[in-house]
Amino acid sequence: MAEIEAVDGAGFEAGCDVLVIGAGAAGLIAALKAQEAGATVLVVERDAVARGSTALSAGLVPAAETRFQREAGIADSKAGFAADILAKAHGEPDPEAVALVVDQVGGVLEWLADRHGLPFSVIDNFTYPGHSARRMHGLPSRSGAELMDRLRTAAEAAGIDIVTEATATTLFADGDRIVGAGLLRPDGAEDRIGCKALVLACNGYGGNPDLVAAHIPALKDALYFGHPGNRGDALLWGEALGAATRHLSGHQGHGSVAHPHGILITWATITEGGIQVNRDGVRFANEARGYSESAAAVIAEPDGIAFTIFDGRIAAIARQFEDFRAAETAGAVLTADTIAGLAGRMHVPEAALAATLGEIAALKTAGATDRFGRDFAGVAQLAPPYAAVKVTGALFHTQGGLVVDDRARVMRRDGRPFETLFAAGGAACGVSGADAGGYLSGNGLLTAFAYGALAGLGAARAAGAGAPA
Ligand SMILES: Cc1cc2nc3c(=O)[nH]c(=O)nc-3n(C[C@H](O)[C@H](O)[C@H](O)COP(=O)(O)OP(=O)(O)OC[C@H]3O[C@@H](n4cnc5c(N)ncnc54)[C@H](O)[C@@H]3O)c2cc1C
């Protein structure tokens, strides 16, 4: 798996201009862009139905200065968005890469809406932690499954071939040029497909336990909540080819996955005024830092579990997410009119839970900051009916990866680009720095959309389609 084979290009026929490995958001956006630029495109996908981590996500994409924001009366700036990304990631990402993806992503959203009929709108009733404006864009169901369905439909309508049940195992290299890929089919058959340019859109290594243990040891025992087929093939190919990699320990975790139901509980439950307690009814961290770093905090508590506590007002906000509605249907959301009743449903000590909630109410009244550093100024009080969900911490996806340039070309360790090799989405190094705390909500789809579009256009041009590079 994930091998490189040297070939003689003279004897290797190109089956398409642009070959895309992986049919998640990054791959399908790259394919749509490449085809629009005049290239013949083939997408290969290991699964029978292309879903990827994208379908598991909430499908929310951050962008600034979009027309969706203007229509909702939201003032925002690309500079402010870039500053938020850099602040969350402690200044670790390359500022030029941050400025690039921030500049690109809004245009990709509007192009998908206008050209391919994806009805994006901006979430205007709550702000994600670390974002200085309301800039998360999603489809009506606010689900990644809808995003994938609509991207797949758009690709099919555009006549793009998606070859499913085809796992890319080998990249063919003719000297410096990547000229094709070898595919393994479920019946053991092997195909060889030539191309003039290739886009790695097969995400990161979250589905490869050895790579997780090597790069993110704090989450080696955590639930992996992303797509299991993302086994780090882009990283392994890149390393074998001499590509530059960066921030391999960077990742998106999440500290609020309903357990044992395995359903994402939106972090709006926290930002709107909720808290987390452990099985003893005691708080253990500043939840407001963000959901990503909360994964390791929850995993470190007894049994690796916690409870996310909120109320009926917050549940009404969370209900706009299909996942939350599914959690309610599955019985994951425990509700009660009194704290004693809630403690009973959670099976946590009533006195401890009452003391914790009493302390939180006092902090909110005083507008004070607690011992973990969470600022409760202006945060609404919780009121009956109360709600709680038993949760665990999970690894969602990895954020480190192959270093790419401003055309999404994969860079060598010596600083030169591979002319025909591109990477996007989780295959490329993101903008989150080297740890979980650097992940700002939406950074995942941000680079899937922005680098996906750049990679598609760049690959089409490298293949000789469209305008010269
Ligand atoms: C639960 C969850 C919630 C999330 N919520 C958000 C959110 O709201 N906003 C946000 O910005 N990000 C979110 N993310 C992160 C986001 O889902 C990812 O960053 C994004 O989907 C990455 O897109 P991608 O196209 O790179 O990868 P994917 O969507 O995972 O697609 C990669 C595809 O490549 C295929 N593949 C892999 N290897 C091979 C191979 N060798 N040959 C052929 N095919 C291969 C896989 O089967 C897969 O279909 C979330 C992630 C999870 C898990």
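What covers the buried residues of α4? The cover includes β4 (61–62), α5, α10 (291–299) and α15 (443–462). This is a predicted model: local features need pLDDT of at least 70, side-chain atom pairs count only at pLDDT 80 or more, and totals for chains, interfaces and linings use all residues. Residues are numbered from 1 along each chain as its sequence is written, and side-chain values use heavy atoms, leaving out hydrogens and water. Helices (H or I, at least four residues) and strands (E, at least two) are DSSP runs, numbered from the N terminus.

**Helix α4**
- Helix α4 spans residues 78–88, and its buried residues are Gly-80, Phe-81, Ala-82, Asp-84, Ile-85 and Lys-88.
- Buried means under 20% relative accessible area, exposed over 50%, and partly exposed in between (1.4 Å probe, protein chains only).

**Nonpolar cores**
- A nonpolar core is a set of buried Ala, Val, Leu, Ile, Met, Phe, Trp, Tyr and Cys residues joined through side-chain atoms within 4.5 Å.
- The largest such core has 97 residues.
- Ile-21, Leu-112, Leu-198, Leu-200, Phe-449 and Tyr-451 have the most contacts inside it.
- A second, separate core has 48 residues, including Ile-263, Ile-314, Ala-343 and Val-379.

**α5 against α15**
- The axes of α5 and α15 are 8 Å apart, at an angle of about 85 degrees.
- That makes α5 roughly perpendicular to α15; the class covers 65 to 115 degrees, with under 35 roughly parallel, over 145 roughly antiparallel and the rest oblique.
- Axes are lines fitted to C-alpha atoms, for helices over the stretch in contact, and angles run from 0 to 180 degrees between N-to-C directions.
- On the α5 side, the contact (heavy atoms within 4.5 Å) includes Val-108 and Leu-112.
- Phe-449 and Tyr-451 are among the α15 residues they meet.
- The contact has 13 nonpolar, two polar and no charged residues.

**Backbone features**
- The His-259 to Pro-260 peptide bond is cis, with omega near 5 degrees.
- Pro-260 sits in the loop between β13 (251–258) and β14 (263–264).
- Pro-384 and Pro-385 are also joined by a cis peptide bond, with omega about 0 degrees.
- Pro-385 lies in the loop between α14 (350–366) and β18 (386–398).
- Arg-142 has a positive phi near 55 degrees, and counts as buried because its relative accessibility is 11%.
- Glu-165 has a positive phi near 50 degrees, and counts as partly exposed because its relative accessibility is 37%.

Terms used: Ala, Val, Leu, Ile, Met, Phe, Trp, Tyr, Cys and Pro count as nonpolar, Asp, Glu, Lys and Arg as charged, and the others, Gly among them, as polar.
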